[in-house]
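Please read this briefing alongside the sequence and the 3D view shown below.

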Amino acid sequence: MAKFEHKLTDMLRPAVEQLGKELLGVEFISAGKHSTLRLFIDHENGINVDDCAEVSRQVSAILDVEDPISTEYNLEVSSPGLDRPLFDVAHFEAVVGETVEVKLGLPLNGRRKFKGLLEAVEGETLVVIVDGETYELAHANVDKANLVPQF
């Protein structure tokens, strides 16, 4: 997650938690007038549309006052879904043994995309097996990661 997204997460997390929800993470997709700020929230009983609307109202008020984004953007509040995004090391620890898709900020051995079994999390290092080969990915280098749903 980029430094800017970390700043937004830190700013908004207390308000989301005050509503009894967990802020998993934030994505900011910069696209000029069509930029999107997406928040992923969760709760042990799941998330519904009313939860998203409630968090959206609370977060909108904070964003209006703090004004951390200088361009126009759309705010989206979403449940994590089956292909839940993975932001923190704890998120990865919770899905060890599952298939993940990881995109790195800087390439490792000439590649940036890895899709395979998350074998372990060792401190700040993700151990992922892709096509029988083991890769050690630094969490700090993860640009984006998702759980891959198995059907």
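Domain bounds here come from an automatic or database domain assignment. On that basis the chain is divided into domain 1 (3-78) and domain 2 (89-147), and the centres of domain 1 and domain 2, taken over C-alpha atoms, are separated by 25 Å. This is a predicted model, in which local features need pLDDT of at least 70 and side-chain atom pairs count only at pLDDT 80 or more, whereas totals for chains, interfaces and linings use all residues. Residues are numbered from 1 along each chain as its sequence is written, and side-chain values use heavy atoms, with hydrogens and water left out.

**The annotated span**
- An unreviewed UniProt entry lists residues 86-151 as "domain: Ribosome maturation factor RimP C-terminal"; UniProt positions are given in the numbering used here, feature names are shortened, and annotations may be inferred rather than shown by experiment.
- Residues 86-151 are 8% helix and 61% strand, and their end C-alpha atoms lie 19 Å apart; helices (H or I, at least four residues) and strands (E, at least two) are DSSP runs, numbered from the N terminus.

**Nonpolar cores**
- A nonpolar core is a set of buried Ala, Val, Leu, Ile, Met, Phe, Trp, Tyr and Cys residues joined through side-chain atoms within 4.5 Å, where buried means under 20% relative accessible area, exposed over 50%, and partly exposed in between (1.4 Å probe, protein chains only).
- The largest nonpolar core has 18 residues, and those with the most contacts inside it are Phe 92, Val 102, Leu 118, Leu 126 and Leu 137.
- At least two residues of this core come from each of helix H3 (89-93) and strands S4 (99-108), S5 (111-122), S6 (125-130), S7 (133-138) and S8 (142-147).
- Leu 118 touches, among others, Phe 92, Val 100, Leu 126 and Val 128, leaving aside residues up to four places away in sequence; contact means heavy atoms within 4.5 Å.
- A second, separate core of 16 residues includes Leu 8, Val 26, Leu 39 and Cys 52.

**Individual residues**
- His 6 lies in helix H1 (residues 3-18) and is partly exposed, with a relative accessible area of 36%.
- Although His 6 and Phe 87 are 81 residues apart along the chain, their C-alpha atoms are separated by 9.9 Å.
- Asp 67, in the loop between helix H2 (49-66) and strand S3 (73-78), has a positive phi of about 50° although it is not a glycine, and at 55% relative accessibility Asp 67 counts as exposed.
- Asn 109, in the loop between S4 and S5, likewise is not a glycine but has a positive phi of about 55°, and Asn 109 is exposed, with a relative accessible area of 65%.
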